[in-house]
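Here is my note on the model you sent. Please read it with the structure open beside you.

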Amino acid sequence: NNAGYGQYGPVEDVPSDELHRQFDVNVYGPHRLTRAVLPHMRDQGDGTIVNVSSVSAAVSAPGTGPYSASKAALERLSDALRSEVDDFGVDVVLVQPGPVATNFTERYEDELLSGLDRRTDVYGWIYDTLEDASVVGGSAPIAAEPEDVAVVIHDAAEATNPKARYPVGRVAQFMLLSRYLPDDVRDLGYRLYRKVT
């Protein structure tokens with residue numbers, strides 16, 4: 001399940017229908033596909049469901065709330081499902097990329113531009129950060145290559161005893177470790193960032 005796009009912006013500025021659309025693609029889509037294939041996998045006593053998430057599921061930053069929330073929901077569904085289908089020979093794994101060198105940022109930029117009329121002025125610093133597409137995506141020099149993600153997906157799907165989670169790239173591993181920081185420390189980091197931008 002590799003459905004996904006990023007609805008970015010301050011939570012206050014994202015209309016409920018767009019939040020619903022974000023969840024429809026990133027959560028409900030994989031849920032529908034899982035429900036469609038699971039009876040067949042259960043009948044054959046074998047199969048692997050690979051859900052592509054994001055490190056944003058573990059660490060949410062200002063302006064990433066809708067996207068991060070949808071990927072976190074996908075991860076919680078996957079965690080529950082993994083235990084539910086364990087007795088049937090079906091595995092459920094999560095692939096957790098960080099930034100990937102794809103056209104993800106083009107869609108992301110379209111989403112930002114489509115919401116120009118509803119921007120709340122007090123969040124200018126968030127929009128300034130989000131408009132630097134390299135912060136979230138493929139144009140960043142630290143982005144993983146799509147082939148790296150594909151190899152991890154393939155290997156996870158083919159593994160006899162797969163792990164529950166497969167981070168992709170050093171940035172992903174670093175971000176996943178940063179979730180263990182106390183919330184106050186992360187919040188302080190965002191405050192300091194705001195002061196210097």
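1. How many of the 8 residues of strand 2 are buried? The count is 7, and strand 2 is mostly covered. Strand 2 spans residues 90-97. Keep in mind that this is a predicted model. Let us step back to the whole chain and then return to the strands.

2. The protein chain has 197 residues, and 41% of them count as buried. The accessible surface comes to about 10,900 Å². Carbon and sulfur atoms account for 54% of that surface.

3. Count the elements next. The chain holds 7 helices and 3 strands. Along the sequence, their pattern reads α-β-α-β-α-α-α-β-α-α.

4. The 3 strands form an open sheet in the order 1-2-3, with parallel pairing. Strand 1 (47-52) and strand 3 (165-168) stand at the edges. Each has a single partner strand, so one side of each is left without a neighbour in the sheet. From one strand to the next, the twist averages 20°. As background, strands of a sheet pair through backbone hydrogen bonds, either parallel or antiparallel.

5. Look at the pairings one by one. Strand 1 and strand 2 pair in the parallel sense over 6 bridges. T48 has D91 in strand 2 as its bridge partner, and N51 has L94. Strand 2 and strand 3 also pair in the parallel sense, over 4 bridges. There, P97 stands opposite V168 of strand 3.

6. Is strand 1 mostly covered or mostly open? It is mostly covered: 6 of its 6 residues are buried. In a regular strand the side chains alternate between the two faces of the sheet. So check both sides here. G47, I49 and N51 are buried on one side of strand 1, and T48, V50 and V52 are buried on the other.

7. Which helices lie across the strands? Helix 2 (residues 65-84) lies across strand 1, strand 2 and strand 3. Helix 2 runs at about 155° to strand 2. Helix 6 (residues 170-178) lies across strand 2 and strand 3. Its angle to strand 3 is about 120°.

8. Turn to the second largest pocket. Its volume is about 170 Å³. The lining is made of P30, H31, T34, R35, L38, N51, L74, L77, S78 and L81. Helix 1 (16-44) and helix 2 each supply at least two residues of this lining. Which helix gives the most? Helix 1 does, with 5 residues. Note N51 again: this residue lines the pocket and is the bridge partner of L94 in strand 2.

9. Last, look at R186. This residue sits in helix 7 (residues 183-196). Why does R186 count as buried? The cut-off for buried is under 20% relative accessible area. R186 has a relative accessible area of 18%, so it is buried. Leaving out residues up to four places away in sequence, R186 touches V59, S178, R179 and L181. Of these, S178 belongs to helix 6 (residues 170-178).

Notes: Residues are numbered from 1 along each chain as its sequence is written. This is a predicted model: local features need pLDDT of at least 70, side-chain atom pairs count only at pLDDT 80 or more; totals for chains, interfaces and linings use all residues. Side-chain values use heavy atoms; hydrogens and water are left out. Buried means under 20% relative accessible area, exposed over 50%, partly exposed in between (1.4 Å probe, protein chains only). Accessible areas come from the Shrake-Rupley method with a 1.4 Å probe; for residues, only the protein chains shown count as cover. Two strands pair if DSSP finds at least two bridges between them. Axes are lines fitted to C-alpha atoms, for helices over the stretch in contact, and angles run from 0 to 180 degrees between N-to-C directions. Contact means heavy atoms within 4.5 Å. On a 1 Å grid over the protein atoms alone, a cavity is a set of points where a 1.4 Å probe fits but cannot get out, and a pocket is an open set with protein on both sides within 12 Å along at least five of seven lines; lining residues have an atom within 4 Å of a point. Grid points are joined across faces, edges and corners, and a volume is the space filled by probe spheres set on the points.
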